[in-house]
Amino acid sequence: MAEAKTNAMRMLDRGKVPYHMYTYDHSDGKIDGVSVATKVGQDPDKVFKTLVTKGSSGGYFVFVLPVALELDLKKAARAVGEKSVAMIRVDEINRVTGYIRGGCSPVGMKKQYPTVFDRRVEDLPAVVVSGGRIGTQIEVEPAALLRLVGAATADITMEG
């Protein structure tokens with residue numbers, strides 16, 4: 001039986017953005033990005049995680065970056081014109097995005113928040129992001145994905 005489509009997949013379909021879906025076994029509880037990249041047989045440099053922050057002005061911002069790298073909060077704040085941004089609490093993720101921790105996709109959130117991808121995405125022929133649930137990843141052409149979610153790119157990681 002085919003798995004039900006996630007909201008992220010429905011949004012990609014609606015936007016006529018082709019994608020390839022990967023599924024992985026998460027029964028071992030390992031849902032961190034590097035483990036997921038290994039499970040779907042992809043280079044961690046092309047597998048991106050989705051992080052949600054709240055700015056000092058009260059707005060939410062989404063940052064998408066390679067799974068092995070850390071978000072630089074100062075660079076992230078600069079990228080969205082905020083004085084500062086802070087990670088939202090795990091118990092806020094579902095209320096804010098409609099997704100759960102480990103299954104948060106930059107596509108198909110409850111609301112379309114300002115989104116910034118790490119600039120490294122510009123050099124990739126394909127990027128892999130969460131498919132909108134734990135156990136599902138989707139591979140997409142970066143320019144099409146950025147267009148669909150109205151995302152910008154910037155240097156937002158610790159190591160630049």
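Residues are numbered from 1 along each chain as its sequence is written. Because the model is predicted, local features need pLDDT of at least 70 and side-chain atom pairs count only at pLDDT 80 or more, while totals for chains, interfaces and linings use all residues.

Helix α1 spans residues 7-14, where helices are DSSP runs of H or I with at least four residues and strands are runs of E with at least two, numbered from the N terminus. Its buried residues are A8, M9 and L12, buried meaning under 20% relative accessible area, exposed over 50% and partly exposed in between, with a 1.4 Å probe and protein chains only. Seen down the axis of α1, these residues fall within an arc of 95°, so they line one face of the helix; the arc is that of the directions from the helix axis to the C-beta atoms. An α-helix has 3.6 residues a turn, so residues three or four places apart point the same way. The buried residues of α1 pack against β1, β7 (136-140) and α5 (142-149), contact meaning heavy atoms within 4.5 Å.

In the loop between α1 and β1 (19-23) lies K16, which has a positive phi of about 55° although it is not a glycine. K16 is exposed, with a relative accessible area of 73%.

Elsewhere in the description, β2 (48-55) and α2 (33-39) each supply at least two residues of the lining of the largest pocket, and the largest share, five residues, comes from β2.

Technical notes
Heavy atoms only, no water.
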